[in-house]
Amino acid sequence: MIPALGLLVGVIAGLFLDVSVPLELQPYMPIAIVAALDAVFGGIRAVMEGIFDNKVFVVSFVANVLIAALIVFLGDQLGVGAQLSTAVIVVLGIRIFTNVASIRRLVFRA
Amino acid sequence: MSLGRRAADMTVAGRNRPETRPRDASMSLLNNLFSQSLEPGYAQAAARRRSTGEQDGGDRTVRSRVSVALVIGMLALGLLLAMAIVQAQGSVGVVSAEREGLIERIRGEEAKTERLQDSLASLRSEISELEDTQLRQTSTGQSLRERLQLLQGAAGTSAVAGPGIAVVLDDAEDIEAAERPDLARVLDVDLQMVANGLWAAGAEAISINGERLTTMSAIRMANNIIHINQQPLKPPYAVWAIGDSRTLPSRFSEGPGGDTLRVAQQQGVRSAVRVEEWLELPAARSQLIYARHAEEAS
């Protein structure tokens with residue numbers, strides 16, 4: 001419940017504070033968001049399974065975002081940015097989907 | 001040791017019963033993704049806590065700290081999401097505004113071109129009128145004026161009138177229903193052949209939809225639209241030709257123009273040839289800019 005409130009507050013803050021992203025970082029925003037989503041859903045699932053760990057969550061969150069952005073950056077430099085971001089999206093997308101599915105199973109027991 | 005045994009097992013199994021190989025062995029990447037969707041670190045940390053013997057109390061501190069890190073993570077995620085949304089919407093607005101601006105500029109330039117062309121035409125007619133009145137004043141000028149009019153009529157730079165024929169071409173009524181939709185339209189080749197046939201049949205001046213054909217006229221197709229003198233035309237195409245209205249129709253029909261019309265008719269293109277008592281053909285807008293009279297230039 002409180003984490004959901006955190007998400008809401010984050011969204012509202014982002015909408016009203018009008019934080020602008022530097023132009024050079026803009027291509028990495030979507031990838032960073034997908035990576036953050038992955039870490040957050042992993043964390044929620046861990047909480048529900050009773051094995052949540054602060055250190056693991058923080059490290060996975062920061063590392064996910066940074067590595068995803070780094071891969072895309074590297075791909076852009078090599079000229080395969082689109083393909084590499086597709087790869088990142090596919091891998092993280094599958095993980096998000098699986099994690100949400102098990103959260104759903106834990107919540108609804110079905 | 002166990003690894004070696006497993007490897008031996010696998011080779012034995014592989015030799016004797018190849019079907020024991022897991023069916024989805026080629027999908028190990030996907031399987032890995034699915035089975036390790038939760039960070040393995042969580043399970044490891046939990047196992048470590050259990051082994052170090054943190055019991056009830058440890059569990060509670062973990063629970064109470066759960067929210068803080070997760071809430072901060074959620075906050076960061078929400079912030080990122082909102083920023084991305086704001087940015088995406090902002091860029092959409094910028095792009096469409098840019099496009100609007102470009103469209104407006106194109107419209108403005110088009111209107112300007114039209115105005116300039118109009119003023120050019122009126123200035124040209126003024127010049128020719130002035131020329132006319134000047135030449136009319138002397139007897140040598142009078143004969144010069146007649147020669148000039150004849151030459152301009154032949155060159156297409158002055159309006160002419162006289163008897164002739166009108167050849168009207170139009171696309172097939174239902175282009176999509178035609179056998180060859182690409183041939184059911186009037187093509188630039190058709191108009192080229194008709195114009196050529198009219199010249200061959202003795203036409204002295206030709207215009208297509210009000211565009212006078214001169215020695216510099218090109219009949220060409222661009223993006224499925226026929227352009228003559230760089231002006232886009234719409235079907236039906238009315239080809240007017242001034243000439244001997246008694247011989248022109250038959251000579252045209254026997255020549256290459258008639259053949260073209262008959263071939264096009266088989267594809268569904270509609271065409272008609274009419275004898276006209278009086279046709280008025282406008283002057284062409286073409287003007288020499290670079291070419292100079294050789295004697296004058298040297």
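This is a predicted model: local features need pLDDT of at least 70, side-chain atom pairs count only at pLDDT 80 or more; totals for chains, interfaces and linings use all residues.
Residues are numbered from 1 along each chain as its sequence is written, while chains are lettered from A and ligands numbered from 1 in the order in which they are written.

With these terms in hand, strand S4 (residues 219–222) of chain B is joined by four bridges to strand S5, and the two run antiparallel. Within this pair B:Arg220 stands opposite B:His227 of S5(B), and the hairpin that the two strands form has two residues between them, with B:Asn223 taking a positive phi near 55°.

In S5(B), residues 225–228, the covered face carries B:Ile226 and B:Ile228, and the uncovered face carries B:Ile225 and B:His227.

Elsewhere in chain B there is an open sheet of five strands, ordered S3-S2-S7-S1-S8, with antiparallel pairing. Strand S3 (211–212) and strand S8 (270–281) of chain B stand at the edges, and because each has a single partner strand, one side of each is left without a neighbour in the sheet. Helix H6 (residues 188–200) of chain B packs on this sheet, touching strand S1 (160–170), S2 and strand S7 (237–242) of chain B, and its direction makes about 15° with that of S7(B); such axes are lines fitted to C-alpha atoms, for helices over the stretch in contact, and angles run from 0 to 180 degrees between N-to-C directions.

Strand S2 (residues 205–208) of chain B pairs with S3(B) over two bridges in the antiparallel sense, with B:Ile208 opposite B:Glu211, and the hairpin that they form has two residues between the strands, B:Asn209 in the turn having a positive phi of about 50°. Four bridges join S2(B) to S7(B), also antiparallel, and B:Ala205 stands opposite B:Ile242 there. From S2(B), B:Ala205 and B:Ser207 point one way and B:Ile206 and B:Ile208 the other, and all are buried, that is, 20 or more other C-beta atoms, placed from the backbone, lie within 10 Å of their own.

The remaining part of the picture is the contact between the chains, which takes 31 residues from chain B and 41 residues from chain A, where two residues are in contact if their C-beta atoms, placed from the backbone, lie within 7 Å. The elements that give two or more residues to the chain B side are helix H2 (28–35), helix H3 (40–52) and helix H4 (56–136) of chain B, and the largest share, 21 residues, comes from H4(B).

Definitions and conventions. A residue is buried if 20 or more other C-beta atoms lie within 10 Å of its own, exposed if 12 or fewer, and partly exposed in between; C-beta atoms are placed from the backbone. Two strands pair if DSSP finds at least two bridges between them.
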